[in-house]
Amino acid sequence: MSSYKIEAGTAQHLGNRPQQNDRVALMSGARAPGYVLAVLSDGVAASAGAEQVLHTAKQVFDDFKPGDRPTLGRLEQVLRDIVQETHLVINMNTMTTTQQAHASFVGLILSPHGEAVWAHVGDSRLYHFHAGECKARTGDAAYVEHLVSSDRLPPEAARNHRKSKLLINVLGNSRKDPFVTVGHQSGLAAGDVFLLCSDGLWHFFTDAELGAATSRATPRQAAEMLINKAAERSQGKGGNCSMAVLKLVKPAQHAGEPDAGMARRPA
């Protein structure tokens with residue numbers, strides 16, 4: 001068990017768009033005490049795809065039974081199942097409604113054993129910071145490499161994948177299955193912070209700025225500050241802005257308790 005507790009929160013802002021197409025949620029599993037799932041999705045042109053992401057995520061996570069100590073690979077598979085099932089449902093719905101729904105995906109599972117596993121599709125991002133320093137983040141590099149090696153595209157064409165409906169990496173693309181990038185980290189401790197966000201946020205900040213903001217403030221304070229600064233930097237042209245912040249902090253010390261070193265389950 002780990003000597004930290006979790007402080008977490010979500011936040012959204014409409015930006016200059018007519019509607020909010022992002023969706024973000026923090027979930028606990030019905031059969032997985034001590035496990036936390038954070039999910040963020042950016043719906044493309046509409047919210048239907050992002051809404052389906054959250055609906056499927058809840059179903060899959062509620063069915064997850066970890067047992068004594070699931071492997072990192074099994075936690076990774078939970079996130080892959082969310083992606084694949086959402087992608088399938090969106091495409092099935094498209095056949096009956098004739099309206100395409102596309103969405104990005106970023107998901108994070110924190111275990112009560114000091115482990116984090118994440119998965120990512122599209123242009124939403126996950127950052128892992130420790131003491132303000134960026135230790136890992138998702139991006140396009142793996143997908144570009146995949147297009148070059150698997151689809152035999154010239155590197156320049158692969159880098160321009162966002163401009164092509166055939167190559168764009170989203171859930172619900174009837175022409176191409178989503179490419180899932182995964183990552184994990186063990187040995188989590190107080191000082192670790194995870195940020196999930198849509199492009200309406202990360203587009204306006206450096207990694208160092210995001211790390212500093214989330215390490216120095218509570219999730220609520222950091223979210224408010226980042227949303228305000230994103231609105232300022234966008235000069236009225238920003239899109240939907242959404243985030244989830246999960247911060248690992250030392251548990252409060254109560255009178256009469258022994259000092260550090262006692263392991264505690266995350267709250």
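Predicted model: local features only at pLDDT ≥ 70, side-chain atom pairs only at ≥ 80, totals over all residues.

Colleague: Why does M225 count as partly exposed?

Modeller: Because its relative accessibility is 43%. Buried means under 20% relative accessible area, exposed means over 50%, and partly exposed is in between (1.4 Å probe, protein chains only).

Colleague: And which residues of α7 are buried?

Modeller: P219, A222, A223, L226, I227, A230 and S234. Looking down the axis of α7, these fall within an arc of 125 degrees, so they line one face of the helix. That arc is taken from the directions from the helix axis to the C-beta atoms. In an α-helix there are 3.6 residues a turn, so residues three or four places apart point the same way.

Colleague: What covers that buried side?

Modeller: The cover includes β1 (5-13), α5, α6 (207-216) and β11 (241-249); contact here means heavy atoms within 4.5 Å. The face turned away from the buried side carries the exposed residues R220, E224 and E232.

Colleague: How are helices and strands picked out?

Modeller: They're DSSP runs, numbered from the N terminus: H or I and at least four residues for helices, E and at least two for strands. The chain has seven helices and eleven strands.

Colleague: Back to α7, what span should it have?

Modeller: Its 16 residues, 219-234, should span 22 Å at 1.5 Å a residue, and the end C-alpha atoms are 22 Å apart, which agrees. The expected span is 1.5 Å times one less than the number of residues. Just after α7, Q235 takes a positive phi of about 55 degrees.

Colleague: New topic: how many residues line the largest pocket?

Modeller: There are 18, with R17, D42, D199, G239 and N240 nearest the centre. β3 (32-44) and α5 (199-202) are the elements that give two or more residues to that lining. A pocket is an open set of points on a 1 Å grid over the protein atoms alone, where a 1.4 Å probe fits, with protein on both sides within 12 Å along at least five of seven lines; lining residues have an atom within 4 Å of a point.

Colleague: And what share of the chain is buried?

Modeller: Buried residues make up 48% of the 267 residues.

Methods
Residues numbered from 1 in each chain as written. Heavy atoms only, no water.
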